[in-house]
Amino acid sequence: MHVDEMQKKLSEKAAKDPTHQFADLYSLLCNITWLRVAHLHVNTNQGRETAGVDGETMARFNGDLEGNLTRLREALKAKTFEPRPVKRVYIPKANGKKRPLGILTIDDRIVQEALRMILEPIWESDFSKYSYGFRPNRSTYDAIAYLGNRLASYGADSYQWVIEGDISSYFDTIPHRRLIKAVKRRVADRDIRDLLWKFLRAGVMVAGARRETLTGTPQGGIASPLLANIYLHELDRYMESKYLNLTAYERHKQRMQGKGNALYLRYADDFVVLWNGTKTAAHALKEELGGLLDTMGLKLSKEKTKITHITEGFQFLGYWIIRARGLKGKMVPKVRIPDSAIKRFTQKMREILAPKTTHESMSAKIYALNRFIRGWCQYYRCTSSPANVFSKLGHALFWVMAHWLGRKYQVNMPVILRRHSDGNTFRTTRTKLVRPEVFTAKRLRTKTWHNPYTEKEKIAREQHFSYDDLWTGNEDRHGWNDLREEVMLLKGTTCYRCGTVLHPSEVEI
């Protein structure tokens, strides 16, 4: 079986007949080739070595790969496969609260990935073009580009009011029966739906005790983002039918009658509605959406759902979006780096280079900083004039690093600059600290979206930048990375046993 071809057929069939319900999908799940591809995807995911409640690691699973995949296939064929409870851990957030994260067992990850590989091609033919989160070939960049370009409209089409929508505890409150009913609209195969139900009801393990899961999908589950998008597809369809799929004449007529028009964008459980009517009508629309979500068993977050004027600005997906006066005196949309993001960058930089970490290797710190700086700057390089912010952060980074080195080696600043600086940065024999200024601005460009399963496009998935998963340069053996570099400098990277010349990243001392 060729997995790509089968996914293309599923998506083409779904696009051709929007009412078709797919049967006999379960046989794909039991196909050994399908499971091998699912394992390949899971095996390359970040955090693949983290064990679930059974303690099984990916390395151990791979030790008998064919045997384990055959075991999974036989259990699925016999319909005896039972998902294990999700291991619940909590990750601190910037606001002091904690975000729950679910860690699945290796078996459950592979089966969920196999399910996603079946369901996603079908639903990609249905999903709205206004939905951007956790979808192939869509990203936060695409969402922000869409907003920025739409806000450039003038006159009667100029959008003044912004409804910032946020669904309260969305991933924890999705009603299971209604979710399965939404899946049933496309999936007639009862075995697939039963397996999804088992995953939803598998429970979570918290501090060794199992808790039932009567609502929600576990954050961290491979199929969870897709299932979340399937359930909120009803919100997208509502907005399209009532506000978005209007002709230019119909939108003009709305304005002539003193009514407003809306633009809408959703990224997972966060959404934005741009409105060009009155503020009173904007409040009415907010209540209307709140009522729709109530019927779906969901709640708008009163704390996070706001109505603001576009000249006051609003924050969305970590960006600050505002309409302000430009260089030519006209009001233009601007996408900026929020002050909170700049503050958090500085805090993270100082956390990595805290005085109590001077026992760590200089090279380890540079590795950690480079990964952080690249991720952060790549995310914010599409903002308006990021060079000014990057320059200030680069200056601060240089001196924080210089003082960390001064504490580490107990020498004064002139000696540090003479020994370790390289122009306006620092370096070891093999590693150079990246300055934020090297990242140039990227212009916001909207692109025409195509279904990647039916078009000849390579499927890419957004790598989400997160402060939570960042390595801070801590070492199991203090100073080991610096010692490793010294040994490579003396001995080179040639294996002393077989004579193979290795890449520095492959060398073990």
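**Loops, a helix and a cavity**

Author: Start with Gly-47, in the loop between α3 (32-43) and α4 (58-63). Helices here are DSSP runs (H or I, at least four residues) and strands are E runs of at least two, numbered from the N terminus. Residues are numbered from 1 along each chain as its sequence is written. This is a predicted model, so local features need pLDDT of at least 70 and side-chain atom pairs pLDDT 80 or more, while totals for chains, interfaces and linings use all residues; side-chain values use heavy atoms, without hydrogens and water.

Reader: How exposed is Gly-47?

Author: Partly exposed, with a relative accessible area of 40%. Buried means under 20%, exposed over 50%, partly exposed in between (1.4 Å probe, protein chains only).

Reader: And how far is Gly-47 from Met-58 in space?

Author: They sit 9.7 Å apart, C-alpha to C-alpha, and 11 residues apart in sequence.

Reader: Switching to α13. Which of its residues are buried?

Author: Ala-282, Leu-285, Leu-289, Gly-290, Leu-292 and Leu-293. Seen down the helix axis, they fall within an arc of 160°, so they line one face of α13. The arc is taken from the directions from the helix axis to the C-beta atoms.

Reader: What do those buried residues pack against?

Author: β3 (161-166), α11, β7 (270-275) and β8 (306-309). Contact means heavy atoms within 4.5 Å.

Reader: Which exposed residues are on the face turned away?

Author: Thr-280, Glu-287 and Thr-295. Just after α13, Gly-297 takes a positive phi of about 80°.

Reader: Which residue has a positive phi although it is not a glycine?

Author: Asp-24 is one, at about 55°. Asp-24 is in the loop between α1 (3-16) and α2 (26-29). Its relative accessible area is 56%, so Asp-24 is exposed. Gln-410 also has a positive phi of about 55°. Gln-410 is in the loop between α16 (386-409) and α17 (413-420).

Reader: New topic. How many cavities of 30 Å³ or more are there?

Author: One. The largest cavity holds about 70 Å³ of space. A cavity is a set of points on a 1 Å grid, over the protein atoms alone, where a 1.4 Å probe fits but cannot get out; lining residues have an atom within 4 Å of a point. Points are joined across faces, edges and corners, and the volume is the space filled by probe spheres set on them.

Reader: Which helix gives the most to the lining?

Author: α10, with three residues. Both α10 (190-200) and α11 (224-244) supply at least two. Among the lining residues are Gln-112, Phe-199 and Pro-218.

Methods: On a 1 Å grid over the protein atoms alone, a cavity is a set of points where a 1.4 Å probe fits but cannot get out, and a pocket is an open set with protein on both sides within 12 Å along at least five of seven lines; lining residues have an atom within 4 Å of a point.
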